[in-house]
Amino acid sequence: MNEDHVRNVVEAALLAAGRPLSIAELAQLFDEDARPTTDGLREALARIAADHEGRAVELREVASGFRLQVRAEFGREVSRLWPERPQRYSRALLETLALIAYRQPITRSEIESVRGVSVNPNIVKTLMERNWVRVVGHRDVPGRPELLGTTRDFLDYFGLADLDDLPPLAELKAMADLNPQLVLPVAVEGVDGEEPLLPALAPDAPAPDAPTA
Amino acid sequence: MTRPHLSIVPKPAEDATAGEGPSLPIEGNLPLQAEMPFAVVQGEPLTQLPRDLYIPPQALEVFLEAFEGPLDLLLYLIRRQNLDILDIPLADITRQYMDYIGMMNELQLELAGEYLVMAATLAEIKSRMLLPRSAEATTDEADPRAELVRRLQEYERYKQAAESIDHLPRLERDTWVASAPSDVYRPVSSLPKVSLQEMIVAFREVVARAQMFAHHHVQRERLSVRARMTDILATVEGDGFAEFTRLFRAEEGRMGVTVTFMAILELVREGLLDLVQTEVYGPLHVRRANRPPVRAVPDLPAEGAAAAVAAGSVEDDTIAPLPDGLDDDDLDDDLDHEDEGIA
């Protein structure tokens, strides 16, 4: 019964707040003598999450805490509540943001060297105004360029609990993988039916254990 | 399971003809060249010529501006032809790249210097590849394209990462924080409307107080409403709130407080300030308005009020030139008082 109470208070608070609440904030809601432990709160949150299984709303942990949010699958329909389209961000802005997110702390010139174009100051300004990006320090080189990093608001906005939640970066293929191809003409001189001398390069092609007959 | 590698064997003849096609360079004839003949793409035989090597200029115009830079353009050229990024046919790509650059020039698109640097880089790599290399060097000496490939891959990584970020469910686009706010727990904060009368009453108090300071030193300086507006905004900037009466410096005398009052009215009219009252008959507060400029206090006839308050001493109904319009008599009055006070 007490557990039900904790669960309901937590759910009520999440709904009343309309913003993410941390475990510490949730604990503060209870009288000192009736305050649930962190584990108790996590359990309550787990129950809330389970209760919302299959519903329009889900519990999600983001950087600032837990929040109840509309499931993204209904986003298309729900967004029609508002006549204006949600803001679209340019590729330049998203690429700049991606570099800051994955490579933080990063200077403007480092962003430039990866993108091959100079950083548009308006983009950085927009990112800062949205409070997604902030100056986290200065690199100790001449000119002391600003080091940019992402904020908690950025994680909240994109529904991430921490930076590890970012989509994984693509693997870099090494140039060395190319070398087998260079000797291919030699291999081609082999006769039909022989086992290929080279491991296949295409990922879906059979590996060295290709059929021998 | 088929054996794709074996199917390469009968192809060379066909590929050779393909290599002589009008739009394709014959790279394969140079034995030590690192570029592959068109026979093999990612270990797969190429059965037909790519048909999309040419883009009509009209189409170009549309998306030339869409490129995020030379790397993006280069990547596009490579991907469009399904070429392996690790094995770029440089001569071909360089030529296409230069076609685009020429096109950009023709269309008088502002060509960023980065594009030209890349063109030079491509030509430089190509020329280095044409130099013969000794047999043993082919393995351990770095491919001249390596640095370019590294940059392209690095850029493509973050380009894809940017797309992934764009696909993340995002607040206000894909998801919204659920809330069921209950007014029961919220303090009711319906602020009373501030009427012009109340403002005038408050102002009158200030004026009354100002008169008590009539003998104090008055700076003989032009009091500009504009400058005062800036001062007031700066005052409100910090904590966001200021008590109405505290914005006035009674020492400035009647003219000073009038200018301040005009400045407040003007700021309210421009929607930069809000006047709020936490309770009926409570003290007036001035707050920096956050919303877009709308008339913060409806029905507030700013000019009229100003004229009324300044008791006929202001003829102009424009605000800016007021200090001049605010006749010198007032100032002189004050100065006279001052003189008396000193004497």
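What pattern does chain A follow, read along the sequence? The pattern is α-α-α-β-β-α-α-α-α-β-β-α-α-α, where helices (H or I, at least four residues) and strands (E, at least two) are DSSP runs, numbered from the N terminus.

The model is predicted: local features need pLDDT of at least 70, side-chain atom pairs count only at pLDDT 80 or more, and totals for chains, interfaces and linings use all residues. Residues are numbered from 1 along each chain as its sequence is written, while chains are lettered from A and ligands numbered from 1 in the order in which they are written.

**Chain A as a whole**

Select chain A. It has 10 helices and four strands. Of its 213 residues, 23% are buried; a residue is buried if 20 or more other C-beta atoms lie within 10 Å of its own, exposed if 12 or fewer, and partly exposed in between, with C-beta atoms placed from the backbone. Among the contacts in chain A with a separation of 6 or more, 46% are between residues 24 or more positions apart. Two residues are in contact if their C-beta atoms, placed from the backbone, lie within 7 Å.

**A helix pair in chain A**

Next, select residues 91-103 and 121-129 of chain A, which are helices α5 and α7. Two packed helices are described by the angle between their axes and the distance between the axes. Here the angle is about 65 degrees and the axes are 10 Å apart; axes are lines fitted to C-alpha atoms, for helices over the stretch in contact, and angles run from 0 to 180 degrees between N-to-C directions. α5(A) and α7(A) are therefore roughly perpendicular to each other, the term for angles of 65 to 115 degrees. Their crossing is right-handed, meaning that the near helix is turned clockwise from the far one by less than a right angle.

Show the side chains of A:A92, A:L93, A:T96 and A:L97 in α5(A), which meet A:I123, A:T126 and A:L127 in α7(A). Five residues of this contact are nonpolar, two are polar and none is charged. In this grouping Ala, Val, Leu, Ile, Met, Phe, Trp, Tyr, Cys and Pro count as nonpolar, Asp, Glu, Lys and Arg as charged, and the others, Gly among them, as polar.

**Backbone details in chain A**

Proceed to A:P105, in the loop between α5 and α6 (108-115) of chain A. The peptide bond from A:Q104 to A:P105 is cis, with omega near -5 degrees.

Then select A:R144, in the loop between β3 (133-138) and β4 (146-150) of chain A. A:R144 is not a glycine, yet its phi is positive, at about 40 degrees. With 11 other C-beta atoms within 10 Å, A:R144 is exposed.

**Chain B**

Switch to chain B, which has 13 helices and five strands. Buried residues account for 28% of its 343 residues. Of the contacts in chain B between residues at least 6 apart in sequence, 68% join residues at least 24 apart.

Select B:E172, in the loop between α7 (146-167) and α8 (196-212) of chain B. This residue other than glycine has a positive phi, near 75 degrees, and B:E172 counts as partly exposed, with 13 C-beta neighbours inside 10 Å.

**The sheet of chain B**

Finally, display the open sheet of three strands in chain B, ordered β3-β5-β4 with antiparallel pairing; two strands pair if DSSP finds at least two bridges between them. The edge strands β3 (241-243) and β4 (273-277) of chain B each pair on one side only. From one strand to the next, the twist averages 30 degrees. β4(B) and β5 (residues 284-288) of chain B are joined by five bridges in the antiparallel sense. Within this pair, B:L275 stands opposite B:V286 in β5(B).

Conventions
Parallel < 35°, antiparallel > 145°, perpendicular 65-115°, else oblique.
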